[in-house]
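Colleague: Please take a close look at one part of this model, the interface between the chains. What holds for the contacts there?

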Number of protein chains: 2
Amino acid sequence: LVVGVDVGGTKIAAGVVDEQGQVYSRVKQPTYTSSPEVTLQCIAAAVNEAIAAAGIDRVHIGGVGLGIPGKVDPEQGIGVLSVNLGWRDVPVRNWLEDALGLPCAIENDVRAAILGESQYGAGRGVSNLVYLSLGTGIAASILIAGHLWRGAHGLAGEIGHTVFVADGTPCRCGARGCLEALAAGPALALRAQEEIRAGRASLLQRMTANHTDLTAEHIFAAAAQGDDLASQILSEAASHIAYAIYLLAMAYDPQMVVLGGGLAHEGSPLIEAVRSGVVRWMEQALIFREILDEQALCVTSLQRDAGILGAAALIIARHAVAGEAQR
Amino acid sequence: LVVGVDVGGTKIAAGVVDEQGQVYSRVKQPTYTSSPEVTLQCIAAAVNEAIAAAGIDRVHIGGVGLGIPGKVDPEQGIGVLSVNLGWRDVPVRNWLEDALGLPCAIENDVRAAILGESQYGAGRGVSNLVYLSLGTGIAASILIAGHLWRGAHGLAGEIGHTVFVADGTPCRCGARGCLEALAAGPALALRAQEEIRAGRASLLQRMTANHTDLTAEHIFAAAAQGDDLASQILSEAASHIAYAIYLLAMAYDPQMVVLGGGLAHEGSPLIEAVRSGVVRWMEQALIFREILDEQALCVTSLQRDAGILGAAALIIARHAVAGEAQR
């Protein structure tokens, strides 16, 4: 048994998991970020609470896996840079191993997620996999021949910060027209707010007291009711996401692409539009069709447990990691 | 000592090479393609001639490596599909091993080239490498943690057949607006012919008796003399190639990108323009800058021996190959 911990910017989710992916407990707490130590204390508390909630003796716990947003050094166990958590060079593993008396492993959350998919999820048993996380941010992780590929500088799969539209919408990374600035959750909300402010009629106006509260979920709901503006925003975002899937597949030639993250629910209007966009690429491009067919584009099957299971897979899968930074 | 053979659609080059990359002989013969057997006979003759020209006893030859255009099954030693050679499922390795009495290894030519770069060339000792071949076609090959990554279906790095311009110029792969249709050698010549036919003034008109004979080399020469049309064509192609380098680097996060192929000579106006385009991406995008700096974008240093040395590296380097097709 292991504990999987999904460390988010607003919430920490933890659970006890076995090798088959059965989840024995689930706890969720707010993430306090006044200092790295406070956040680490929240994490330790969540781990202890998850073990207690499972009613399992601590001696049966083999380790703790943690998925962390941002840049992580898994070898050294250090949280290198996390804007969401306010971390810079935090010795996460040492601190938690001292506090918990259990072996810990950390990884970037999107990289943990692909291990969860390949261990328990839509990509079970698939060793050449691209995982695309769609949420507040957009990022991909990559499994090659069963090994996590992080890149020579830990930046492999940074498709969210790849420029798709020259001189496009400014992105928080400093560039303009990055995929994330065009199609991530906050980008959808921002587009809606701009259009509403410019006087465009939409169901979205009635959905929130103040349209600055708009989220991607409001846009999904409005699109489901046939709202023009919401549908247009989703369709534009979906076409960028479909191109990202096309590019990643052409670059890596994986067996499967799995979509996950907060915006990826099977049947959501965004995901349906993404799927249509990818099918259009399949129709246009023979070589892409040899790489991916419709069955090879999946939405995560792990749902609410995706974060916990991905983190747990860090310990359970013990995936070897191909290639460390060498420059 | 090994023999490296570069099997091209018009010429076969072969040479005897040692572990340090010293080339003891170089022979070149036309490729006859009336039947696969005729082509295999040409290859065998070139190998024997290269051994004779080196004045080396056959017992010192450890094997023969062959770089072949098109789709290759290196495990089975089969030339699966080569449009240039007119091959479909040709048992290259068995035929040549019988004919030559030497162990043979075959690989796609662009994949052989990256092994040559990492063994002898600009990427010597670099284990995370992207190689981009610019010539009659455009394709990339990828080395990850010292292992050749071919993709789950042998299609990793097919950037030449990735659509960059929706509804753009038709490509021989059936799609429209692929990088190869925008920026490979024949695409440059075609653009020039179209503009000249449309009445555009250019030095190119005086360079060939009939402008249907135009090649990329004419365009390089005209651009070097300040010709507007040639410069414009190279600048447009270079901006697409620079975007391809940007995309491959963002996807793979390599330590280095090496440019090779018939169009990649250090100092050529195309390569200079590509370099400027990549530098513009570095200026715009922080994350790209963390992946590549100007020193990490190189032109092959192997020059005329690149094909022979890449093929030789198939035997010498004995690079393990990560991941075979598993679907």
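Modeller: A salt bridge here is a side-chain nitrogen of Lys or Arg within 4 Å of a carboxyl oxygen of Asp or Glu. The model is a predicted one. In it, A:Lys71 forms a salt bridge with B:Glu290, and the closest N and O atoms of the pair are 4.0 Å apart. Across the interface of chain B and chain A, the rule finds 2 salt bridges. It also finds 20 residue pairs in polar contact across that interface, with both residues at pLDDT 80 or more.

On the side of chain B that touches chain A, the elements giving two or more residues are strand S10 (138-144), helix H8 (228-252), helix H9 (269-284) and helix H10 (286-291) of chain B. The largest share of that side, 6 residues, comes from H8(B). By class, the residues on the side of chain B that touches chain A are 25 nonpolar, 13 polar and 8 charged.

As for the extent of the interface, 46 residues of chain B are in contact with 46 residues of chain A. The area buried between chain B and chain A is about 3600 Å². Carbon and sulfur atoms give 55% of that buried area.

In summary, the interface of chain B and chain A has 2 salt bridges by the rule, alongside 20 residue pairs in polar contact, both residues at pLDDT 80 or more, and a buried area of about 3600 Å².

Key: Residues are numbered from 1 along each chain as its sequence is written. Chains are lettered from A and ligands numbered from 1 in the order in which they are written. This is a predicted model: local features need pLDDT of at least 70, side-chain atom pairs count only at pLDDT 80 or more; totals for chains, interfaces and linings use all residues. Side-chain values use heavy atoms; hydrogens and water are left out. Contact means heavy atoms within 4.5 Å. Buried area is the accessible area (1.4 Å probe) that two parts lose on being put together, summed over both. A polar contact is a pair of N or O atoms within 3.5 Å; within protein, one must be able to donate a hydrogen and the other to accept it, and residues adjacent in sequence count only if both atoms are side-chain atoms. Helices (H or I, at least four residues) and strands (E, at least two) are DSSP runs, numbered from the N terminus. Ala, Val, Leu, Ile, Met, Phe, Trp, Tyr, Cys and Pro count as nonpolar, Asp, Glu, Lys and Arg as charged, and the others, Gly among them, as polar.
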